[in-house]
Amino acid sequence: MQKTQTKKPIPSLKAFIFVFLFLFSSGSWAKEFIGAEPAIIALQDIFPGEKYDIYELTGYQILIPNAIGSRSLYLLNVNPPEQVRPLKGYLPLPDTSWFRLEPDSLVVEPYDTGRVRFHIAVPAGDEYRNQAYQVEIHIVRRAYEKEKVGTTVGIVLGLNLEYFIETSPYPEPKAKPAGIIGVVPSQFFIRNPSFGKDTTLQFRVYNNDTLEHEYSLSVYIPPPQDTLSIRLDLPGSPGYEWIPEEKKTEWVKISKDKVKVKAGSSELVSVVARFPDLGVPWESLKNRGWEAVVAVVPDAGFSRFVRIKYFIVEQ
Amino acid sequence: MGRIIKIAALMIMSVACLVWAADSSPLANQYSGDTPGKIRIMVRMKGVAFSIDNTLWDLTVGEGLMPNATPISPRYTVQNDGGVNIDLSFRVGDSTGVSPWVFKPTVSFAVDSTYPATDRYFLEPYIDNAGATTPTIASFTGTGVTDVFTEATSSNWAHNRSARASGVDLPAYVPGNPNWDQVNMFLLFVAPASSTTDIDHTIILEIQAKLAD
């Protein structure tokens, strides 16, 4: 179904969209163009069984600027899991119907911007808690039309947006996690930690494969990124900063660096989390949060991670 | 002038990178038991975008498409127009889905028997620096593209770039190196054994971009 989507003004984005379009329209040499934003969306605490209209909740939607002087038809789909090569730590979204695009095709007038909303609905069930999924949205501009009789090669442009969904963590789910690998819980919260105090945490690694696997365990801190060097990497949690890479072993100690898990079974892993003395009065750290990730990487197949979050708030 | 506009726009876009939470106090998150909590969202308001200067290669120009011909395409310039590094990957297919031609994924150029049979063809991209010389057939390795995300094959991957499983890495605009956000692409086509100029056939090459990892 093709239709032109009604424009919906978003005051906070107007200036950006203007600049975005101005930038792309300045390249008059280009005969074909495709673009879409945001480059990254990472959602946390999606609750299985709930339906989310992300635009209604947050105001965010996919923007597709048409920077050339002709009408453009865009087709969108969520790539099926077998086509997705996810970032380490994530599983491909197992069912594309859990992430619905509205519309999934649209015509955008020259120098206008198309807008696509998306809806998320992970099925109810404890097996879908503690999950981390990668969603790959494929957008292609259907511009090429056969112009000549005879054999021709026509080039069309497409892109993939990689978005992330983490479902709500829970330490005691009634069912083992879905997917070939699982961790329970997927997040720990350490509220108002004291300087130097150790907190022992335990999470379980589930091997839902038909083969035994050995999992490597390590503390992972993504390399720093700024606004000019954005890469596809494990996204941080809103409100939290990553613990310093060079001091990560002071903050998080894992009881072992490998764990073997039999097929269809699970094993416990212990972690000692310490909030080191940061050399400033504790009171000055209020309303700050820090996080680290324990990466669980098998000898073959998909990986997972466990977030460990420290935060200091008013008592 | 265009570059100045680009730099200004990139600076403004960098301000537009947002991290936003649906919950006004994101540090308060805890296990929410059987009750849905507020979702948290992190967004990078930058775009994945690129362009190409031409989208057509007419293979019937000149002598026409002879059986097992190996023409090399004119130069295409591919430019990263977004504010983030991107990975490019390629896939090829027929426009109609009912074509008499089927893609042949590999060819060994020194061995005639590996060339496409009557109902098959071969297509392979080559990536190099913007302004580089046109490659010869020896520059192509014969791997080709498949219908599932295979990177272009080339021993010279242009400025600061490399061939990886995730594709050809193309940086965003680099101040002081105005061509670094561009690459040139050439295509090698190997015609089927029976091809003639009479065959009316369209082959689609899709170039895909994604945020570089």
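## Overview of chain A

Of the 315 residues in chain A, 43% count as buried, a label given to a residue when 20 or more other C-beta atoms lie within 10 Å of its own, while 12 or fewer make it exposed, anything in between makes it partly exposed, and C-beta atoms are placed from the backbone. This is a predicted model, in which local features need pLDDT of at least 70 and side-chain atom pairs count only at pLDDT 80 or more, whereas totals for chains, interfaces and linings use all residues. Residues are numbered from 1 along each chain as its sequence is written, and chains are lettered from A and ligands numbered from 1 in the order in which they are written.

Chain A contains 3 helices and 21 strands, where helices (H or I, at least four residues) and strands (E, at least two) are DSSP runs numbered from the N terminus. Among its contacts between residues at least 6 apart in sequence, 76% join residues at least 24 apart; two residues are in contact if their C-beta atoms, placed from the backbone, lie within 7 Å.

Strands pair if DSSP finds at least two bridges between them, and strand 1 of chain A is joined to strand 3 (residues 48–52) of chain B by 5 bridges in the antiparallel sense. Within this pairing, A:Glu32 has B:Ile52 as its bridge partner.

In chain A, strand 15 (residues 213–220) runs antiparallel to strand 18 (residues 258–261), with 4 bridges between them, and A:Glu214 is bridged to A:Lys260. Strand 15 also pairs in the antiparallel sense with strand 20 of chain A over 6 bridges, where A:Ser216 has A:Val297 as its bridge partner.

Most residues other than glycine have a negative phi, and most peptide bonds are trans. The peptide bond from A:Glu37 to A:Pro38, however, is cis, with omega near 0 degrees, and A:Pro38 lies in the loop between strand 1 and strand 2 (40–46) of chain A.

A:Tyr111 has a positive phi, near 60 degrees, and lies in the loop between strand 8 and strand 9 (113–121) of chain A. Because A:Tyr111 has 14 C-beta neighbours inside 10 Å, this residue counts as partly exposed.
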